[in-house]
Amino acid sequence: MATRVLWGSLSLLRVVWCLLPQTGYVHPDEFFQSPEVMAEDILGMEAARPWEFGPSSSCRTVVFPLLTSGSAFWLLRLWEQLGPWPGPVSGYMLLVGPRLLLTALSFALDGAVYHLAPLWGAERWTALALLAGSYVTLVFYTRTFSNTIEGLLFAWLLVLVSPRVAGSPTPKRPASGPWWHSWLLGGVVAAGFFNRPTFLAFALVPLFLWGVGGAPNPGFRSLAREALALLPGAALTAAGFVAVDSWYFSSPSRASALVLTPANFLRYNLDPQNLARHGTHVRLTHLAVNGFLLFGPLHAQALQAMWQQLQAGLWAFAQTGFLRALGARSLLSSPRSYLLLLYFTPLALLSAFSHQEARFLIPLLVPLVLLCSRRTQPVPWKGTLVLFNALGALFFGCLHQGGLVPGLGHLEQVVHAPVLPGVNTHYTLLFAHTYMPPRHLLRLPGLGSPVEVVDMAGTEDWILCQALNSFARQPGCQAAGGPWLCRLFVVTPGTTRPAMEKCGFPLKNEMLVFPHLTMEDPPALSSLLSGAWRDHLSLHIVELWEKADAVTEQPLPTIQP
């Protein structure tokens, strides 16, 4: 009963925290692979379209962005036109709308674990509590990552194959399922492949076990027959994805060309030089770093279980010989050994690539919670597990780049506030040493916007000063004799604010957004122990005057946050 109440409380937290909303900014892909693109396509807003969604690249399928962020924005557009309180949607609705849809979809994970736990010998409500209490569920599975979709598809792939695999402890072939079961299974595999081709790394073991479990005499011919049963569903699904992608990426120069986004994705990512642009990692990063970063004590428990399994295998080999050890069904065909394969095989395959980010492993959460909630053993290190997930949720859900999204909410109010009658105002928003700002949260019109957003990334100090001088002396500004009132804002973390001060621009107005932690420019320990620690853990939104040696402009009324 207690675990059911715990799961219900954590599920409520998942929804409420989505609505608050979460301020942490995990990675630019959560915005730029779905909502940023769909905001431009459906709402006509200004956006920074990533190269993957350009007609010349077309490395990402548009189907899942259309189904997730696209659906949310389409509903917001209807609300804007037909709702009981018509009017423009807010930046809050643009942020929370897609996240709320993904949060609702995340409960498909809970449904999958609910069905899978009895089949795999796991305690159902303990597994559900581990799933709902993981910060990976609370943060990553409520964001618009393609990895989130990959995890949902992997979970339900396990639901489809498990009755034949985990539910058949005897070598006798189970009763065949309905014809549409294989079609649905093939459709899930194809959809996962088009979403992220790395889905095959997760699907390999489930499909192999499903094929072996359905064959009376496992062999190449039997496995080939089972694989052919997947083709109709996979082909129909693939045809649908190709049709939608070809329509979306069509242009006058390539109107009749078929677009195969997985082929373009693989062509790009199999080039080591391209991967090097995104960062290279040691091959053991997933095993030795990312597994602990995402799952903490659960990953340690999985490593311990794998070591015990290897010891048991070596002991059986020493006692009975290699062939008999392989034939020991209790050793190789137990639910525990299958779960270890489901967890470590994708991890090993993904480790073959030099670019290894932690979020690539989030689909492994489902087999991991099943492995760690066995009926025969209690969950170890409960206190450590609670502390680990609390700290992970605090870091990724609140602290990490945590000032950027609220800061964009403030700037949205500034650029849409009433201006002086009869006076045109031009805004320059310069972001330095932050993640890429998602422009759709500013609600800027696609054409004729008086707002210029400049992403300076981690630029050097002298380049920042050069850019500020250039923007402050634009020919259209009144200070240079033009018709526009020009307002210049710099958005930068507290740890890099001194670099802006070196540029010599007088401060006009400043707002601090707390908390904000950037790991690219982390605060020094001494600054965190000083009286100004809050400044170093904040995002600074600074409005600048002209330099004293420039043409003097009349003071503008400041807008208080």
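Analyst: Helix H21 (residues 404-416) lies across strand E1 (424-432) and also across E2, E3, E4 and E5, where contact means heavy atoms within 4.5 Å. Its direction is at about 170 degrees to E1, with angles running from 0 to 180 degrees between N-to-C directions and axes being lines fitted to C-alpha atoms, for helices over the stretch in contact. Helix H22 (residues 461-472) lies across E1, E2, E3 and E5, and runs at about 175 degrees to E1. Helices (H or I, at least four residues) and strands (E, at least two) are DSSP runs, numbered from the N terminus.

This is a predicted model, in which local features need pLDDT of at least 70 and side-chain atom pairs count only at pLDDT 80 or more, while totals for chains, interfaces and linings use all residues. Residues are numbered from 1 along each chain as its sequence is written, and side-chain values use heavy atoms, with hydrogens and water left out.

The sheet itself is open, with five strands in the order E2-E1-E3-E5-E4 and mixed pairing, two strands being paired if DSSP finds at least two bridges between them. Strand E2 (451-457) and strand E4 (507-513) form the edges, each pairing on one side only, and neighbouring strands are turned by 20 degrees against each other on average, direction ignored. Within the sheet, strand E3 (residues 484-493) pairs with strand E5 (residues 539-544) in the antiparallel sense over six bridges, and Pro493 stands opposite Leu539 in E5.

As for confidence, pLDDT (the predictor's confidence in each residue, from 0 to 100) has a mean of 87 over the protein, and 89% of its residues reach 70 or more.
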